[in-house]
Amino acid sequence: MKRILSTLFLLTILSVASAFAQTKVSAKHQQWMQEMKQAKLEFMIKELQIKDNQKAKFTEAFNAMEAELCKVRNETNKMRRAVEKKKDATDLEYEKAAEAIVEAKIKEGNIEKKYFDRFKTILSSEQLFRMKKADMKWMKELMKHRKK
């Protein structure tokens, strides 16, 4: 009886420790994500030469757009990972996941178009023109940094 209780106690401690470790990793990941979002915003402000009178409106619109894009990407990645983890995924599940990935690109485009119209009221034509290039430059910089 003591042995069973000891085993149950040990399993409980391990479960709690595991849950705590995951929460710590999740919190660390959340902090990293926040830092990356802030760094991207600062990068875009610098690249587009956002003026002080544009900064607040740009920041609000940019953060809202990024949040919507992130939501679409997270939903799609969740579905993709679920299919990848299945050892016996059906052709239909693979097809639906592939469709979701394509649909995500369409949703992302629609979100960008919606915010493009909003950015038109905030940014100059030149800044609008340079915005996508600045976003691609951000990704390039991230990839360079990741390789190091």
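What share of the contacts in the chain with a separation of 6 or more is accounted for by residues 24 or more positions apart? Such pairs account for 68% of these contacts, a contact being heavy atoms within 4.5 Å.

## Model and confidence

This is a predicted model, in which local features need pLDDT of at least 70, side-chain atom pairs count only at pLDDT 80 or more, and totals for chains, interfaces and linings use all residues. Residues are numbered from 1 along each chain as its sequence is written, and side-chain values use heavy atoms, with hydrogens and water left out.

The average pLDDT of the chain is 85, and 82% of the residues score at least 70; pLDDT is the predictor's confidence in each residue, from 0 to 100. Confidence is lowest in α1, with a mean of 70, and highest in α2, at 94. Where pLDDT is low, the predicted coordinates should not be read in detail.

## Secondary structure

The chain has four helices and zero strands, in the order α-α-α-α from the N terminus. Helices (H or I, at least four residues) and strands (E, at least two) are DSSP runs, numbered from the N terminus.

Of the 148 residues in the chain, 24% are buried. Buried means under 20% relative accessible area, exposed over 50%, and partly exposed in between, with a 1.4 Å probe and protein chains only.

## Packing of α2 and α3

Helix α2 (residues 52–85) packs with helix α3 (residues 91–119) at an angle of about 175 degrees, and their axes are 9 Å apart. The two helices are therefore roughly antiparallel. The residues of this contact comprise 17 nonpolar, one polar and eleven charged.

The axes are lines fitted to C-alpha atoms, for helices over the stretch in contact, and angles run from 0 to 180 degrees between N-to-C directions. Angles under 35 degrees count as roughly parallel, over 145 as roughly antiparallel, 65 to 115 as roughly perpendicular and the rest as oblique. Ala, Val, Leu, Ile, Met, Phe, Trp, Tyr, Cys and Pro count as nonpolar, Asp, Glu, Lys and Arg as charged, and the others, Gly among them, as polar.

## Nonpolar core

The largest nonpolar core holds 23 residues, of which Met44, Phe58, Phe62, Met65, Phe119, Leu123 and Met131 touch the most other members. At least two residues of this core come from each of α1 (2–47), α2, α3 and α4 (125–147), and α2 gives the most, with six. A nonpolar core is a set of buried Ala, Val, Leu, Ile, Met, Phe, Trp, Tyr and Cys residues joined through side-chain atoms within 4.5 Å.

Apart from neighbours within four places in sequence, Leu123 is in contact with Ile50, Gln54, Phe58, Leu128 and Met131.

Asp135 belongs to helix α4 and is buried, at a relative accessible area of 19%. With neighbours within four places in sequence set aside, Asp135 is in contact with Lys40 and Met44. Lys40, in helix α1, is likewise buried, with 11% relative accessibility. Beyond its neighbours within four places in sequence, Lys40 is in contact with Phe62, Glu66, Asp135 and Trp138.

Glu42, also in helix α1, is partly exposed, with a relative accessible area of 45%. Glu42 and Thr59 lie 17 residues apart in sequence, and their C-alpha atoms are 9.3 Å apart in space. Gln49 is located in the loop between α1 and α2 and is exposed, with a relative accessible area of 56%. Its phi is near 50 degrees, a positive value in a residue other than glycine.
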